[in-house]
Amino acid sequence: MLNARIKLRHLQAFLEVARQRSFARAAERLAITQPGMSRTIKELEEILGTALFERTSRGVALTQAGLTLLRHAGPAIRALEEGVSALGEAHAAVRWLRVGALSTVESHLLPEAIRRWQQAEAGEAGVNVVTGPSAFLLSRLRRGELDLVVGRMTEAREIRDLAFEHLYYERLVLVVRAGHPLAGVEPLEPPRLGDYPWVLPPPRTTLRQQVDSFCVRHSLRLPGRQLETLSLPLSHRYTLESDALWVAPEEAVRDALHDGRLVELALPLEQQGGSVGLCTNASLEPSLALEGFCETLREVAASLVAFGK
């Protein structure tokens with residue numbers, strides 16, 4: 001039975017400090033004073049009889065007890081919010097999904113799945129899509145702030161106790177604009193790649209880990225001229241208008257490769273690629289809308305594989 005002394009404000013304050021890793025930022029987000037935030041967390045720790053946070057050089061970090069509470073408090077608060085929202089949604093007949101999307105699925109899989117799902121749903125069906133690195137999205141999924149994360153993320157340490165379902169494999173490819181000095185060069189010696197700017201995923205992302213492994217295998221040092229971004233439109237335009245080499249998800253450049261605007265270099269960054277799939281929070285009961293959307297994702301993924309993506 002829940003301790004009657006634990007109030008909703010305690011859990012809301014705890015979740016916000018865990019999210020912000022800072023008492024000051026959490027207090028600002030909840031529009032209370034920092035001393036008030038500190039008192040609220042202290043009250044909760046006293047009720048539970050254990051410390052939930054520890055101070056570090058970067059702010060505050062969750063203790064093991066804090067991590068345990070986070071796994072349960074986040075979904076609990078989310079379920080409560082959903083219950084309140086459902087009262088209004090039942091009247092409006094609106095179904096909403098919150099989906100985290102990695103760049104590996106932004107071009108084909110996710111747009112097509114959303115289109116099909118909304119077409120098949122009776123009544124209004126909305127999708128809120130959040131983009132970003134896998135660590136950011138998976139942490140939000142664990143806290144119950146997202147219903148689903150879609151993309152290539154099997155290398156992410158943050159998956160841990162979340163449920164991952166494989167859909168297909170997707171490669172990272174090295175591409176350049178048509179007419180680039182390295183386009184069509186075969187065999188291509190790895191040292192030549194260092195003569196040109198690179199467009200690549202930011203550090204500490206799962207995609208960047210594959211780039212780092214590629215560089216180690218070929219004793220390659222990245223040049224100082226780099227554009228680090230997960231933005232597909234920015235990467236695409238910059239590559240088309242420069243001599244840059246783009247480390248791109250194959251899905252994101254498939255159309256441009258087909259029509260000849262971009263060319264894949266004759267030096268594979270990966271052979272099979274990573275596992276693209278959907279990740280859910282197994283501690284939460286999936287809604288009918290989520291189950292239907294996941295099934296649509298499976299159908300679209302199967303069609304992509306059948307037609308060679």
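This is a predicted model: local features need pLDDT of at least 70, side-chain atom pairs count only at pLDDT 80 or more; totals for chains, interfaces and linings use all residues.

Guide: Residues are numbered from 1 along each chain as its sequence is written, and side-chain values use heavy atoms, with hydrogens and water left out.

Visitor: Why is Ala 301 called buried?
Guide: Buried means under 20% relative accessible area, with exposed over 50% and partly exposed in between (1.4 Å probe, protein chains only). Ala 301 has 2% relative accessibility, so it counts as buried.

Visitor: Which residues is Ala 301 in contact with, leaving aside neighbours within four places in sequence?
Guide: Leu 109, Leu 167 and Tyr 168; contact means heavy atoms within 4.5 Å. Leu 109 is 192 residues away along the chain, yet its C-alpha sits 6.6 Å from that of Ala 301.

Visitor: How many aromatic pairs are there?
Guide: The structure holds 3. Phe 23 and Phe 53 make up an edge-to-face one, at 5.9 Å centre to centre and 70 degrees between the planes.

Visitor: What makes a pair edge-to-face?
Guide: Rings of Phe, Tyr and Trp (its six-membered ring) pair if their centres lie within 6.5 Å; planes over 60 degrees apart are edge-to-face, under 30 stacked, and the rest tilted.

Visitor: And how do you know whether Phe 23 is buried or exposed?
Guide: Its relative accessible area is 10%, so Phe 23 is buried.
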